[in-house]
Each structure stands twice: as structure tokens, then as C-alpha cells.
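Me: Hey, can you walk me through this one? I'm new to it and would like to start with a single residue.
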Amino acid sequence: MSAQRDPGIDWEYEKSVPDRIGIVDSDSAVRHSTRMLLEVHGFLADEFESATALLESPLCPHLSCLVVDQQIPDVTGLELVERLHAQGIATPVILIAERPASTLADRIRRAGVVAFLIKPIQHDELLSWINHIGRAHAK
């Protein structure tokens, strides 16, 4: 019996999606539901409750993409991105916040944040950005 491919999956993206995604959010329900969403779509995902948890993890330099809430314990999501860059870790980041951050727009651009999404995030939009990151890094 041959395996059938799900027609709803874009198989061109299959080879280019990030290998492992980190989710940094202080809300365990949000972390868990985001991880479940990503896993249902074939991604590997790891949860981190704070910037410190991520930075102390041996996985930190090996993650292919990060989904980071702006309001996390210890530092803001943007400060986490800046710390990662200071350590030479250039993992692409999707930053999520409750409201637009016009006062942070310049810092967000300088930090190299790939996408800035406003809560509540749309699942399709998050998945689209993750696929975009996968395609960009596969080149």
C-alpha cells in the first residue's frame, strides 16, 4: 500500500520548513496551544516560559525559528532578541504583542525581527510566516 499525501499540505514547503521552533511565552496555555498548532502542521516545537529558560537551554543556539511574546518575565521579547544577537545567535524571530508598537518600530527593525504580529494572532498568518522563514533559510 502506498502512502497518500494530504492534498491540503503544500509539499514544496516540506523540505524548507524550520527544523525546530521555540515558543517563548509566560502563559502556559498559550505556549501549549501554539506548540500543538505547530505540531499538527508537522513542526517540532519546544516551549520556554521565560527569556532565561530559553537562554539557559542547550537548544537555544540550535532553534530554527522563535515565536516570542513581547511581554515575558525577566525582559521583554525585544530585549530577548537583542540578547540573542549579542551572543551571536541570529535565529529568525516572530514577535507577538497585544498592541501595535509604533514606539518600538525602529528597534524591531534593527533587531531583525522577521514579523511583528498583534494578538489575537491568526493561525494561518503565523504558519505563513514560519513557512516564509523556512523557505528563506533553505536558499
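Reply: Quick term first: helices (H or I, at least four residues) and strands (E, at least two) are DSSP runs, numbered from the N terminus. With that, Val93 sits in strand β4, residues 93-97. This is a predicted model, where local features need pLDDT of at least 70, side-chain atom pairs count only at pLDDT 80 or more, and totals for chains, interfaces and linings use all residues. Residues are numbered from 1 along each chain as its sequence is written, and side-chain values use heavy atoms, with hydrogens and water left out.

Me: Is Val93 buried or exposed?
Reply: Val93 counts as buried because its relative accessibility is 2%. Buried means under 20% relative accessible area, exposed over 50%, and partly exposed in between (1.4 Å probe, protein chains only).

Me: What is Val93 in contact with, leaving aside neighbours within four places in sequence?
Reply: Leu66, Val68, Val81, Val113, Val114 and Ala115. Contact here means heavy atoms within 4.5 Å. Leu66 is also the bridge partner of Val93 in β4.

Me: Which strand does that pairing involve, and in what sense?
Reply: β3 (residues 65-69) pairs with β4 in the parallel sense, over four bridges. Two strands pair if DSSP finds at least two bridges between them.

Me: OK, zooming out: what's the strand order in the sheet?
Reply: It's an open sheet of five strands, β2-β1-β3-β4-β5, with parallel pairing. β2 (44-48) and β5 (115-118) are at the edges with a single partner strand each, so one side of each has no neighbour in the sheet. From one strand to the next, the twist averages 20 degrees.

Me: Which strands does helix α2 touch?
Reply: Helix α2 (residues 28-40) packs on the sheet and touches β1 (20-24) and β2, its direction making about 170 degrees with that of β2. Helix α4 (residues 77-86) lies across β1, β3 and β4, at about 145 degrees to β3. Axes are lines fitted to C-alpha atoms, for helices over the stretch in contact, and angles run from 0 to 180 degrees between N-to-C directions.

Me: New topic. Which peptide bond is cis?
Reply: The one from Lys119 to Pro120, with omega near -5 degrees. Pro120 is in the loop between β5 and α6 (123-138).

Me: And what's up with the phi of Asp74?
Reply: Asp74 isn't a glycine, yet its phi is positive, about 70 degrees. Most residues other than glycine have a negative phi. Asp74 lies in the loop between β3 and α4.
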